[in-house]
Amino acid sequence: MPGDGKESELTERIETFMGQLRQRQTPGSYNVAYTTLDILRRVVSQTRWQTAKDLMVIVKREGKRLVSAQPSETVVGNMIRRVLKIIREEYARLRGQNEEGDQESLHKLLVAGVEDDDYSLSLHGLKPAVIEAINEMMTELESSADNIAMQALEHIHSNEIIMTVGRSRTVESFLKSAARKRKFQVIVAEGGPFYQGQVLAKNLAEKGIETVVITDSAVFAMMSRVNKVIIGTHTVMANGGLKAINGSHGIALAAKHHSVPVSCACLLEDSLLYLLALIPTGLESGPIMAPEETLEL
């Protein structure tokens, strides 16, 4: 049957993406988030379901599989929760409920023990409404980095000295956006052992931004002349902590000692988990990587 063919194709796509997550072949949170949304959109359009309840069961089932492939990629779980929220909102809208004064937050939906509605009614037009909402979310995702970069002039002022570490594409676009109308200096800690800070410094220098590369051990000595620290991050945890590039903790401690404000640029990495929740999975210290990329033999 045609439906069986589509579902087998969807299963193959999901397995391929899970393999990419395990092997870390999908670089950057944006690519992971966009691919996750694309798969969930296919889940909505190609699987068989009658009610919103059926659809949420399917999304949760496939979502758990995706999250289990790489638990440290919190953006996958975030996209799954957003899609579940979309399904609830579209279901409520089609039922004619007034959501303006009683719209549940994402956090409330996650921590709630019992749902008020069982979502068991079969509503005409739910599938196209959910797909359209996911398409809008994907469009919003495409412009998220530009929206962050547009705020650069509100945070960076002329003649300031900015410090960052390693290379974050979000931070890079943020600094380049500010450099269009502001003249400032950037100090980049190289971020060993991969030294991506050198790549960032090169890219900023090509745009005419005065850039200085320092070793990670020189961060404390240079912090006294810095006006602001801007770092990228992998995840913002529930208690405000960060999972970020190696060296970020040292920079934060040095900034605290010298009373230098620290800003964090991130796209979709907010997490409702605490770092302690990752300890049983062995992810609190990040993945164990092969030494080939850092050792020159």
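Predicted model: local features only at pLDDT ≥ 70, side-chain atom pairs only at ≥ 80, totals over all residues.

**A walk through the model**

Residues are numbered from 1 along each chain as its sequence is written, and side-chain values use heavy atoms, with hydrogens and water left out.

Thr51 lies in the loop between helix H2 (29-46) and H3, where helices (H or I, at least four residues) and strands (E, at least two) are DSSP runs numbered from the N terminus. Which residues does Thr51 contact, leaving aside its neighbours within four places in sequence? They are Tyr119, Ser120, Leu121 and Ser122, with contact meaning heavy atoms within 4.5 Å. Thr51 and Tyr119 are 68 residues apart in sequence, and yet their C-alpha atoms are 6.9 Å apart in space.

Let me step back to the whole protein, whose secondary structure comes to twelve helices and seven strands. Of its 297 residues, 42% count as buried. If we take the contacts with a separation of 6 or more, residues 24 or more positions apart account for 78% of them.

**Helix H3**

Next comes helix H3, residues 52-69, whose 18 residues should span 26 Å at 1.5 Å a residue, and its end C-alpha atoms are 26 Å apart, which agrees; the expected span is 1.5 Å times one less than the number of residues. Seen down the axis of H3, the buried residues fall within an arc of 160°, so they line one face of the helix, the arc being that of the directions from the helix axis to the C-beta atoms. The buried residues of H3 include Ala52, Leu55, Ile58 and Leu66, whereas Lys64 and Ser68, on the other side of H3, are exposed.

**Salt bridges**

How many salt bridges does the structure hold? There are twelve, a salt bridge being a side-chain nitrogen of Lys or Arg within 4 Å of a carboxyl oxygen of Asp or Glu. In one of them, the side chains of Arg65 and Glu15 meet at 2.2 Å, N to O. That pair links distant parts of the chain, with Arg65 in helix H3 and Glu15 in helix H1 (residues 2-23), 50 residues apart. Arg65 counts as partly exposed at 25% relative accessibility, and Glu15 also counts as partly exposed, at 39%.

Arg65 forms a salt bridge with Glu62 as well, with the closest N and O atoms 2.8 Å apart. Both residues, Arg65 and Glu62, lie in helix H3, three residues apart, about one turn of the helix, and Glu62 counts as buried at 11% relative accessibility.

Elsewhere, Glu160 forms a salt bridge with Lys228, the closest N and O atoms being 3.7 Å apart. Glu160 lies in the loop between helix H8 (152-155) and strand S1 (161-165), and Lys228 in strand S4 (residues 228-232), so the pair ties together parts that are 68 residues apart in sequence. Glu160 and Lys228 are both buried.

**The sheet**

Finally, five strands form an open sheet in the order S3-S2-S1-S4-S7, with parallel pairing; two strands pair if DSSP finds at least two bridges between them. Strand S3 (210-214) and strand S7 (262-265) stand at the edges, each with a single partner strand, so one side of each is left without a neighbour in the sheet.

S1 and S2 pair in the parallel sense over five bridges, and the bridge partner of Thr164 in S2 is Val188. Four of the five residues of S2 are buried, so S2 is largely enclosed by the rest of the structure. S4 and S7, which run parallel, are joined by four bridges, and the partner of Ile231 in S7 is Cys264.

Helix H9 (residues 169-178) packs on this sheet, touching S1, strand S2 (185-189), S4 and S7, and its direction makes about 135° with that of S4. Axes here are lines fitted to C-alpha atoms, for helices over the stretch in contact, and angles run from 0 to 180 degrees between N-to-C directions.

Technical notes
Buried < 20%, exposed > 50% of the residue type's maximum accessible area, 1.4 Å probe, protein only.
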